[in-house]
Amino acid sequence: MIDAPKHSIATLNLSLERDIFLRTLIRELSGTLQDVVGLEEASGFISVVGQRMARHLNQDYKSALEVSNLSRKQVADVLIDLKKRIQGDFYVIEQDDEKIVFGNRVCPFGDKVLNRPAMCMMTSNVFGTIAANNLGYAKVELQETIARGYSGCKVIVYLKLTEEAEDAEGREYFRGLESV
């Protein structure tokens, strides 16, 4: 005999809605990739997605601002704005002609990013692609990340190939043909 439910399914107190579902989906997808092909390969797959998203976002911001290229200050402002729009909390620690150093207090993926460092490739590729396509070059160093257990993130976007940039661990990005 089947027990009659005590509550209506529609009124159950479940923390399930589109945002949580999609963040969990991305977490499980990146975790599966990390487990099956390894962290480096998983990061590569997620990088491709991040680069494609960055091209769209870059074009959206340039169109909305009615400019053909973003300045360094606009690049920093755009990167902060796009993260705020997806519930991140990025801010500029320092910036000059050679680099922009960002801090972050809240990951847009929330706790779903914990132990999923491959997901940080979204930030690396979005930041690197937008910076490089507007300024010519970028190297992104994910110095500290919430995914790796830090209380916040520290992301450095190098804008020139300096000795400091060469010594940094990170991914390089170059202006693509579509941005010329």
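Helices (H or I, at least four residues) and strands (E, at least two) are DSSP runs, numbered from the N terminus. The model is predicted: local features need pLDDT of at least 70, side-chain atom pairs count only at pLDDT 80 or more, and totals for chains, interfaces and linings use all residues. Residues are numbered from 1 along each chain as its sequence is written, and side-chain values use heavy atoms, without hydrogens or water.

**Exercise 1.** Describe the lining of the second largest pocket.

*Solution.* Step 1: a pocket is, on a 1 Å grid over the protein atoms alone, an open set of points where a 1.4 Å probe fits, with protein on both sides within 12 Å along at least five of seven lines; lining residues have an atom within 4 Å of a point.
Step 1: this pocket is lined by 17 residues, and Met121, Leu142, Arg148, Gly170 and Arg171 lie nearest its centre.
Step 2: helix 2, helix 4 and strand 3 (137-144) each supply at least two lining residues; strand 3 gives the most, with four.

**Exercise 2.** Identify the helix that gives the most to the lining of the largest pocket.

*Solution.* Step 1: helix 1 (18-37), helix 2 (39-65), helix 3 (72-85) and helix 4 each supply at least two residues.
Step 1: the most come from helix 1, with seven residues.
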